[in-house]
Amino acid sequence: MKISCYAAPAKGAPLEPFEYESRELGPGDVEVRITHSGICHSDIHLIDNDWGISKYPLVPGHEIVGVVTRTGPEVRRLKVGDRAGIGWQSGSCRKCEMCATANENLCDHSTATCVNGFGGYATSIIMHSHFAIRIPDALASENAAPLLCGGITVYTPLRAFDVRPEMRVGVIGIGGLGHIGIQFLRAYGCEVTAFSTSPDKETEAKSLGAHHFVPTSQPGALASVAGQYHFILSTVSADLPWPSYIAALRPKGRLCIVGVPNSDLKIPAFPLIGGQKSISGSPIGSPLMIREMLDFAARNGIKAKTESMPMHRVNEALAHVRANKARYRMVLTN
Ligand SMILES: [Zn+2]
Ligand SMILES: [Zn+2]
């Protein structure tokens with residue numbers, strides 16, 4: 001079957017209409033007619049080959065929501081007509097310890113939707129059903145699409161690092177990831193502080209559920225919250241005053257990084273040793289975790305704030321994201 005899509009023909013190039021012959025539907029595969037496809041910053045990194053893993057023509061798109069149109073004979077969890085979501089991961093070995101313990105996102109043989117195949121800026125996609133997740137009825141497709149990558153990226157660390165309702169937590173950055181992270185942590189029951197260099201984001205942060213706001217560009221603002229937090233999630237792609245954030249942690253506190261800073265981290269060892277503090281990273285989440293995250297979002301009214309454009313305006317939409325103008329996630333629609 002021919003699939004129509006938009007592809008970058010070369011590094012950094014504008015996307016062009018493109019067509020490819022998809023694989024046959026395998027016994028465990030589903031075919032999904034794509035209705036919504038989010039634009040993640042990783043799509044732009046892939047178009048630009050910032051990570052050296054891109055292959056051209058490259059069809060971006062790994063925040064996909066659509067309707068199942070065909071299922072292979074072994075598919076059990078999805079049926080024709082269901083809404084399904086597909087994220088960054090398209091496959092794993094399904095045999096290793098990580099795969100056997102529902103940590104497929106940590107499998108060494110993980111494949112990525114738009115690196116090892118053609119992604120979601122397309123009319124449809126064939127995907128193994130293990131990596132296509134049913135979307136709960138309470139979630140609108142447009143708001144759900146960004147949860148498939150942006151949402152799971154901020155949800156997984158809460159579960160992986162045992163964040164609990166009584167904790168005081170911080171979210172650095174109120175953008176594509178941070179605005180979802182604040183909502184999850186608030187719904188978890190935590191006392192949530194938003195950190196931002198933009199003082200004018202206080203109202204927005206509080207409307208998303210933050211109890212407190214720290215304008216980090218103001219002198220002394222970070223020092224004034226030293227020793228407060230059990231857990232701080234950094235969602236920004238920038239070099240931050242890391243020692244000040246380590247100081248903001250309570251003893252045994254953890255700083256978790258899900259945004260990629262420009263430079264390697266330079267951290268003094270003594271505050272980590274003396275306060276038994278940790279620094280961690282976290283990638284996406286397993287299919288099981290994505291299901292849980294979507295259920296949690298549906299139950300708690302959590303949604304990505306989105307702007308949408310029809311798929312054929314993809315280059316305009318990408319420019320909007322590149323200019324950091326999307327509030328907060330851009331979604332392409334078919
Ligand atoms: Zn992504
Ligand atoms: Zn594996």
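Two strands pair if DSSP finds at least two bridges between them. I applied this to a predicted model, where local features need pLDDT of at least 70, side-chain atom pairs count only at pLDDT 80 or more, and totals for chains, interfaces and linings use all residues. I number residues from 1 along each chain as its sequence is written, and chains are lettered from A and ligands numbered from 1 in the order in which they are written.

**Entry 1: strand β10**

I took helices (H or I, at least four residues) and strands (E, at least two) as DSSP runs, numbered from the N terminus. I looked up β10, which spans residues 168-172. Of its 5 residues, 4 are buried, so I noted the strand as mostly covered. For burial I counted C-beta atoms, placed from the backbone: a residue is buried if 20 or more others lie within 10 Å of its own, exposed if 12 or fewer, and partly exposed in between.

Next I looked up the partners of β10. With β11 (residues 191-196) it runs parallel, and 5 bridges join the two. In this pairing Arg168 is opposite Glu191 of β11. I then followed the chain from β10 to β11: the path goes through helix α5 (residues 178-188), and this β-α-β crossover is right-handed. Right-handed here is read with the strands pointing away from the viewer: the path from the first strand over the helix to the second runs clockwise.

β10 also pairs with β13 (residues 229-234), in the parallel sense, over 4 bridges. Here I found Val171 opposite Leu233 of β13.

**Entry 2: backbone angles**

I kept in mind that most residues other than glycine have a negative phi, and most peptide bonds are trans.

Which residues does the cis peptide bond with omega of about -5 degrees join? I found Tyr56 and Pro57. Pro57 sits in the loop between α1 (41-47) and β4 (64-71). I noted a cis bond between Arg327 and Tyr328 as well, with omega about -10 degrees. Tyr328 belongs to the loop between α10 (314-322) and β17 (329-333).

For positive phi I looked up Asp162, which is not a glycine but has a phi of about 55 degrees. Asp162 is in the loop between α4 (150-160) and β10. Is Asp162 buried or exposed? I have it as exposed, because 11 other C-beta atoms lie within 10 Å.

Gln276, also not a glycine, has a positive phi of about 50 degrees. I placed Gln276 in the loop between α8 (269-274) and β15 (278-281). Gln276 has 10 C-beta neighbours inside 10 Å and therefore counts as exposed.
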